[in-house]
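Colleague: Please show me the model, and then let me ask about it.

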Amino acid sequence: CRIPGRCGAPDGTVLAYCEARRDRGSDWDDSDILLQRSTDNGYTWGEAIAVVRGADYGHGPVNNPVCLADSVQGTVHLLYGHAYARVFHCQSHDGGLTWSLPREITATLATLREAYDWGVVAVGPGHGIQLASGRLLSPIWVSTSHTRAHQPSRTGTLYSDDHGVTWLAGALVPDTIPCCNEAEVVELGDGRVLLNMRNHDIGWRRAVALSFDGGEHWSVPQLAPELYEPRRFAGLVRSRLPSSDGVGSLLFVNPDSRAVAGGPGARCNLTVRLSYDNGGTWPVARVLEPGPAGYADLAMTVDGAVLCLYEGGPSEGRAYTIPALTLARFE
């Protein structure tokens with residue numbers, strides 16, 4: 001199991017989901033999407049269910065699940081891909097117990113090909129958000145590779161203004177930092193949207209961009225000097241702690257492996273950081289997992305706790321085969 005995601009449903013149910021890969025755990029393995037539910041703020045969990053079965057789509061992975069909670073309609077939306085070529089949408093009206101039949105929405109990405117002839121597409125991963133306006137917003141990334149490579153790549157968004165009935169593609173982030181992908185997104189107190197991205201810049205720092213129109217267009221990305229980039233997905237969520245804008249502080253998590261054995265890019269030393277000023281500075285840091293750890297995603301519970309679902313240490317001799325996903329709950 002890899003590629004964890006976390007989402008709080010409007011009814012207070014907490015959802016945890018991931019890819020369940022077959023064989024050796026490659027990105028291109030056949031896979032299912034598994035989901036578990038908690039109705040007590042993450043203390044106990046129901047059985048894992050396959051909300052998407054790869055066998056229904058043919059050879060190739062069903063991958064990168066992203067859930068978005070719609071508090072207006074009381075629904076949860078699920079976006080995911082198949083074989084890095086197609087994108088699908090379904091939704092749940094009962095906190096993730098049951099799901100609608102999936103429908104393909106790949107055609108919404110056709111407009112991006114005019115500027116970027118992509119051959120690979122993936123959602124998220126992690127989770128999407130609902131803006132104050134009601135818009136549903138999820139990061140995506142595309143690559144001009146027409147093989148199995150994931151580079152070069154650029155980040156963009158999918159959004160819906162009618163509660164998931166139709167989806168549109170926003171513009172791609174300007175291509176000034178190499179290989180931006182696998183992003184998370186938050187809305188700031190003044191209505192701006194902040195995108196935090198994995199990338200391949202030689203400075204080994206996270207890339208960030210801002211949108212002033214709800215995720216349709218993006219500023220030229222900048223490097224965040226305090227956020228190390230081991231070229232892995234990172235989790236980002238707004239907390240309920242006080243902040244400079246009165247809306248809430250930001251929590252960020254990823255493997256900060258710059259000072260540990262293994263060198264740049266090592267998957268270990270999972271660290272949670274806190275920003276009181278919309279990501280301008282990150283004065284608080286706590287190590288959540290000092291040992292091997294990879295992708296991680298964050299969510300807030302209705303009682304104010306934080307849940308972090310992350311990839312545990314790799315199996316011996318198999319760097320990308322994860323023995324288990326681990327859930328941490330902290331105040």
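Colleague: Which residue in strand 22 does R273 stand opposite?

Modeller: This is a predicted model, in which local features need pLDDT of at least 70, side-chain atom pairs count only at pLDDT 80 or more, and totals for chains, interfaces and linings use all residues. Residues are numbered from 1 along each chain as its sequence is written, and side-chain values use heavy atoms, without hydrogens and water. Strands are DSSP runs of E with at least two residues, numbered from the N terminus. The residue opposite R273 in strand 22 is A285.

Colleague: How many bridges join strand 21 to strand 22?

Modeller: Two strands pair if DSSP finds at least two bridges between them. Strand 21 covers residues 268-275 and runs antiparallel to strand 22. The number of bridges joining strand 21 to strand 22 is six.

Colleague: What is the volume of the largest pocket?

Modeller: A pocket is an open set of points on a 1 Å grid over the protein atoms alone where a 1.4 Å probe fits, with protein on both sides within 12 Å along at least five of seven lines; lining residues have an atom within 4 Å of a point. The largest pocket is lined by 29 residues, and among those nearest its centre are V237 and R238. Its volume, the space filled by probe spheres set on the points, is about 780 Å³.

Technical notes. Helices (H or I, at least four residues) and strands (E, at least two) are DSSP runs, numbered from the N terminus.
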